Amino acid sequence: VVVLAAALIALGAWVIYAQIAQSETAPSDEIVALHESYTAAWNEADGEAFLALTTEDYTFTGNGQTQDRATQAATIAGAVGGQLEISEIGRIVQVADGPDYYTAVANQIVSYAGEEYVGISSFHIVETDEGLKVARHYWVGNI
């Protein structure tokens with residue numbers, strides 16, 4: 001079931017990514033800003049910034065393993081010294097407008113040990129009283 005779910009997420013993300021050339025998939029400025037802040041929180045090992053950008057019920061799923069918000073914040077905060085460097089290697093694709101937004105982007109992760117991974121992140125972003133926040137982050141790649 002987990003493998004099937006991961007495959008379906010990967011397929012959905014690829015379909016979204018394949019539509020990148022279409023102008024209706026261009027993200028809003030707010031979505032771009034959220035993506036940039038979210039990636040910066042990871043790269044700067046800033047667990048507090050990460051918490052400010054995510055909903056209370058946030059989950060991260062990467063290659064079949066799911067972590068809740070608190071666990072993910074601790075993982076990010078523990079990456080002191082730049083143990084991870086995430087960069088987007090594709091354009092952000094937005095496929096739905098609020099209050100629920102869905103986006104995807106190809107990205108590359110380089111670990112502190114120099115290992116490189118390439119994958120696709122897809123996001124469920126929601127409107128809250130505090131602005132846009134990430135509710136779900138799915139990552140499928142070559143780990």
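Y38 is buried, with a relative accessible area of 3% (buried means under 20% relative accessible area, with a 1.4 Å probe and protein chains only). The model is predicted, so local features need pLDDT of at least 70 and side-chain atom pairs count only at pLDDT 80 or more, while totals for chains, interfaces and linings use all residues. Residues are numbered from 1 along each chain as its sequence is written, and side-chain values use heavy atoms, with hydrogens and water left out.

The structure contains five aromatic pairs (rings of Phe, Tyr and Trp, the last by its six-membered ring, with centres within 6.5 Å; planes under 30 degrees apart count as stacked, over 60 as edge-to-face and the rest as tilted). For Y38 and F50, the ring centres are 5.9 Å apart and the planes stand at 45 degrees, so this pair is tilted. Y38 lies in helix 2 (residues 29-43) and F50 in helix 3 (residues 47-52), so the pair ties together parts 12 residues apart in sequence (helices are DSSP runs of H or I with at least four residues, strands runs of E with at least two, numbered from the N terminus). Y38 also pairs edge-to-face with F123, at 5.4 Å centre to centre and 90 degrees between the planes. This second pair links helix 2 to strand 6 (residues 116-128), 85 residues apart. F123 is buried too, with a relative accessible area of 6%.

Y38, W42, F50, Y58, F60 and F123 make up one aromatic cluster.

Definitions and conventions: Buried < 20%, exposed > 50% of the residue type's maximum accessible area, 1.4 Å probe, protein only.
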